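Open the model in your viewer and get ready to select residues. We will go stop by stop.

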Amino acid sequence: MEACQKVYEILRELSISYEIVEHPPAFSTEEADNYIEGKEGVRTKTLFLCNRKKKEFFLVVMDDKKRLDIKKLGSLIGEKGLQFASEEKLMEKMAVAPGAVSIFGLLNNSARDIKVYFDKEILSDSIMTFHPNDNTKTLFLSTDDVRRFLSTIGFPLSIVEL
């Protein structure tokens, strides 16, 4: 089964509508933006992080135009030594490759051991964009549906001001 099929199935089950744009593989948000230029919606950047001991995992969603101050985030969430998790941990925890990281990788996290943080600023946008576990497609979903999706699959959304 194609990686994105699981995403489409759960969105159908939840009656979540979305728009899809197919494009060549995009390995950065800047690249993906070229293919969805002119369409409404905040372009998200989704980062997979871990603590120093590599025992706690975090998914951080923010506007792709922002740069993450990792020390500030660590201070906000009470974690010292935050760092980007390895490609191996990403595959183990979310079963996605770098360049395809998004909230939809949480569908593959049966341990439910990833904490999800959204930058407060993007929650005021009505539409968000994410790859559906495949970096050749971009989905546009309402912010309310993003919240409902996360809640339904068992991942509380925490809000931080980055």
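A nonpolar core is a set of buried Ala, Val, Leu, Ile, Met, Phe, Trp, Tyr and Cys residues joined through side-chain atoms within 4.5 Å. Buried means under 20% relative accessible area, exposed over 50%, and partly exposed in between (1.4 Å probe, protein chains only). This is a predicted model: local features need pLDDT of at least 70, side-chain atom pairs count only at pLDDT 80 or more, and totals for chains, interfaces and linings use all residues. Residues are numbered from 1 along each chain as its sequence is written, and side-chain values use heavy atoms, with hydrogens and water left out.

Select I103, L106, F118 and F149. They have the most contacts inside the largest nonpolar core, which has 36 residues. Its largest share, 5 residues, comes from α1.

Stay on L106. Contact means heavy atoms within 4.5 Å. Beyond its neighbours within four places in sequence, L106 touches partners including L59, M94, I114 and F155.

Now select helix α1, residues 3-13. Helices (H or I, at least four residues) and strands (E, at least two) are DSSP runs, numbered from the N terminus. Which residues of α1 are buried? They are C4, V7, Y8, I10 and L11.
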